Each structure stands twice: as C-alpha cells, then as structure tokens.
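Student: Could you take a close look at a single part of this model, and then show me how that part sits within the whole chain? I would like a careful, connected explanation.

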Amino acid sequence: MGVRTGVLLIVMMLIAALAALNWGTLSAPVVMSVGFMHVTAPLGLVMLALTVLLGVVFATYVVYLQSSMLLDARRQSKEMQAQRTLADRAEASRFTELRNFLESQENAHMERNAERHASLLARVEQVEATIGLRFELLERAISSRAEALKA
C-alpha cells in the first residue's frame with residue numbers, strides 16, 4: 001500500500017470516527033438556507049453527504065484518468081511494437097541487400113580469377129608448345145650436326 005493510499009485511508013477513518021462520536025450533533029435538525037428558501041434538516045448529515053459525494057466524484061475522476069492513461073500507454077506500446085517491427089524488417093532488408101552485394105562481388109571475383117587462371121593456362125600451354133618446338137628444332141640441329149660430323 002502506498003503512502004498516499006495510507007494517508008487517504010487515515011483521513012477517511014478520522015472522518016468516520018468524528019461522525020460516529022458526534023452523531024447526535026450531526027443529526028440535530030436546524031433551519032438552514034439553500035439560497036431561495038429555508039429548510040429544516042440536519043446540517044451535519046447534509047455536509048457529510050456532500051463530503052461523500054465529493055469523494056465519489058474525485059474517485060470517479062481518478063478512475064477515469066487511470067483508464068485514459070492505460071489506454072494511452074497501450075496505444076503507445078502498440079505503436080512502438082509496430083515501429084520495432086518496421087525497423088527489424090528494414091534491418092533484415094539491409095542484411096539481405098548486403099548479402100546479395102557480397103555474393104555478387106564474390107561471383108565477379110571468382111569469374112575474374114577463372115579468367116586469369118584460363119589465360120595463365122593458355123600462356124603456359126603456349127610456352128610449352130614454343131619450348132617443345134624449339135627443343136625439336138634444337139634436336140634436329142644437333143642430329144644434323146652429328147650426321148655432318150660423322151660423314
């Protein structure tokens with residue numbers, strides 16, 4: 001129980017105790033004016049009834065304020081959840097875009113590597129063919145020299 005609730009409960013108990021202890025005085029009829037006429041009624045009970053009515057009005061007002069605050073908090077919570085969901089979707093979209101970009105960069109890199117590898121293999125084959133041709137020419141030259149020296 002909060003401090004405010006405790007203070008309010010003590011004040012209500014004091015009012016009830018005063019009303020019980022002074023019931024005779026509260027219920028004694030007196031002549032009172034209500035503005036446009038005079039009536040005979042117990043002034044203490046009228047004042048007590050007005051106090052109770054005022055308490056009920058304030059309690060109703062407090063309940064109204066609390067319910068409106070709860071509704072506002074609920075509405076804000078729903079809006080926050082919607083914004084959070086939207087942000088999560090946007091983040092997921094950015095991650096998807098980043099993944100697609102990285103995949104395309106990797107594919108382009110792999111294609112460039114494959115082209116370089118193919119051109120390197122073609123160059124190696126060309127060098128091998130040239131070396132083989134020169135080796136064959138050298139072999140012919142050596143064999144023709146060897147035959148020329150034998151003859």
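Tutor: Arg75 is partly exposed, with a relative accessible area of 41%, where buried means under 20% relative accessible area, exposed means over 50%, and partly exposed lies in between, judged with a 1.4 Å probe and the protein chains only. This is a predicted model, in which local features need pLDDT of at least 70 and side-chain atom pairs count only at pLDDT 80 or more, while totals for chains, interfaces and linings use all residues. Residues are numbered from 1 along each chain as its sequence is written, and side-chain values use heavy atoms, with hydrogens and water left out.

The side chain of Arg75 meets that of Asp72 in a salt bridge, at 3.9 Å from N to O; the term stands for a side-chain nitrogen of Lys or Arg within 4 Å of a carboxyl oxygen of Asp or Glu. Arg75 and Asp72 are three residues apart in helix α3, and so they are separated by about one helical turn. Here helices (H or I, at least four residues) and strands (E, at least two) are DSSP runs, numbered from the N terminus. Asp72 counts as partly exposed too, at 35% relative accessibility.

Arg75 also forms a salt bridge with Glu79, and in this pair the closest N and O atoms are 3.0 Å apart. Glu79 and Arg75 both lie in helix α3, four residues apart, which is about one turn of the helix, and Glu79 is partly exposed at 44% relative accessibility. In general, side chains of opposite charge can pair when their charged atoms come close.

Returning to the residues we began with, salt bridges that share partners join Asp72, Arg75 and Glu79 into one network. By the rule given above, the count comes to three salt bridges.

Helix α3 covers residues 43-150, and Ala146 is found in it. Ala146 is partly exposed, with a relative accessible area of 34%, and from C-alpha to C-alpha Ala146 and His117 are 42 Å apart in space, although they are 29 residues apart in sequence.

Now for the whole chain. The protein has three helices and two strands, which follow the pattern α-α-β-β-α when read along the sequence. Strand β1 (residues 29-33) and strand β2 (residues 38-42) pair in the antiparallel sense over five bridges, where pairing requires that DSSP finds at least two bridges between two strands. Val31 stands opposite Thr40 in β2. The two strands, β1 and β2, form a hairpin with four residues between them, and Gly35 in the turn has a positive phi of about 105 degrees.

As for overall shape, the C-alpha atoms of the protein fill a box of roughly 165 × 35 × 10 Å, taken along the principal axes. The radius of gyration of the protein is 52 Å, whereas a compact globule of 151 residues would have one near 15 Å; this radius is taken over C-alpha atoms, and the globule rule is 2.2 Å times the number of residues to the power 0.38. Of the 151 residues of the protein, 4% count as buried.
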